[in-house]
Amino acid sequence: MLSTTAKVRVLGSADVPAFLALAEQDPVVNVFVDYRARMTRLDPAWLGGEVVGRFVDGDLVSALHVGANLVPVQAGPRDLDDFARHLRGLPATWATLVGPHPAVERLWGLLQDDYAPPREERWRQPHLELTGAPAIAGDPLVRRTTEADLLALYPACVAMYTEEVGVSPETGGGGPLYRARVRQLVNRGWSFARFDDAGRVVFKAEVASVTPHAAQIQGVWIAPEWRGKSLAAAGMARVAELVLSEIAPTASLYVNEWNHPARAAYARAGFVETARFSTIMF
């Protein structure tokens, strides 16, 4: 029997090629960590944390993004056991543990006795993808936003975040940072919305992470007075059209299992389920 040697260590810039190759084993599911690695070159100062890798006989076989988000990457049971041992005793710097359901479930099972209970657990969130043309016509009134839209767009972004996460992004003085993030997405051409005749946001969505393989959509929101009017499917179809033609070859997102109206809208737009995610929020 051949012996193997496993080692866990923090990754650095020299490990970027190996990490990208690892992420590309499932490039759409791993779009967030792939994007982060490309943007930061795994420099902790830019990451706001670190990426830990597990090596077997010198080869990188799995990783764990440890920052505001704790995200396992191509991690099986033995990898997660070693990552849990690495994390024990370290302060919980993350606000969420998120990723493929089997990995999140096992990692949290290993860590839950060592950290404070989460404030919410969202299990088995459908992860959706669209590669070809949307299944229905896109809403022609959905467009990229501009700096001129920020006054109307920002409150809609705050409302979406508060509904989705359960706390306002402006809590604890976070408003300026969140406003800068919204402006950044607008300036990158990653923010999309439909406005009514009075200039108020009717529908919006953003792209959060982009790689050569995929773009991850987030922040999908419809103003309360416009809900139930079948706008989401056509709005998402239009966002997907713009993403696929100008940003990345695959559009992806994940959605809460219990959000049946959103799931139905995404399905009508042509998105198909490819995996299940889990999100644990602290």
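Contact means heavy atoms within 4.5 Å. Threonine 250 sits in the loop between α8 (232-246) and β11. Helices (H or I, at least four residues) and strands (E, at least two) are DSSP runs, numbered from the N terminus. The relative accessibility of threonine 250 is 8%, so this residue counts as buried. Buried means under 20% relative accessible area, exposed over 50%, and partly exposed in between (1.4 Å probe, protein chains only). The side chain of threonine 250 also makes a polar contact with the side chain of threonine 131, at 3.4 Å. A polar contact is a pair of N or O atoms within 3.5 Å; within protein, one must be able to donate a hydrogen and the other to accept it, and residues adjacent in sequence count only if both atoms are side-chain atoms.

The model is predicted: local features need pLDDT of at least 70, side-chain atom pairs count only at pLDDT 80 or more, and totals for chains, interfaces and linings use all residues. Residues are numbered from 1 along each chain as its sequence is written, and side-chain values use heavy atoms, with hydrogens and water left out.

The protein has 9 helices and 12 strands. Its radius of gyration is 19 Å, close to the 19 Å that the globule rule gives for 282 residues, so the protein is as compact as a globular protein of that length. The radius is taken over C-alpha atoms, and the rule is 2.2 Å times the number of residues to the power 0.38. Along the principal axes, the C-alpha atoms fill a box of roughly 70 × 40 × 35 Å. Of the 282 residues, 49% count as buried. Among contacts between residues at least 6 apart in sequence, 69% join residues at least 24 apart.

The 12 strands form an open sheet with mixed pairing, in the order β1-β2-β3-β4-β5-β12-β6-β11-β10-β9-β8-β7. At the edges stand β1 (6-10) and β7 (143-144), each with a single partner strand, so one side of each is left without a neighbour in the sheet. Two strands pair if DSSP finds at least two bridges between them.

Strand β4 (residues 69-73) pairs with β3 (residues 59-66) in the antiparallel sense over 4 bridges. A hairpin of 2 residues joins β3 to β4. Valine 66 has leucine 70 of β4 as its bridge partner, and leucine 64 stands opposite proline 72. With β5 (residues 96-100), β4 pairs in the parallel sense over 2 bridges. Here leucine 70 stands opposite leucine 97. In β4, 4 of the 5 residues are buried, so the strand is largely enclosed by the rest of the structure.

Helix α2 (residues 31-40) lies across β3, β4, β9 (201-210), β10 (215-222) and β11 (251-254), at about 65° to β9. Helix α6 (residues 150-165) packs on the sheet and touches β6 (120-130), β8 (191-195), β9, β10 and β12 (272-281). Its direction makes about 75° with that of β9. Axes are lines fitted to C-alpha atoms, for helices over the stretch in contact, and angles run from 0 to 180 degrees between N-to-C directions.

Alanine 233 is found in helix α8. At 3% relative accessibility, alanine 233 counts as buried. Beyond its neighbours within four places in sequence, alanine 233 is in contact with Ile136, Ala265, Arg268 and Ala269. Alanine 233 and valine 66 lie 167 residues apart in sequence and 34 Å apart in space, C-alpha to C-alpha.
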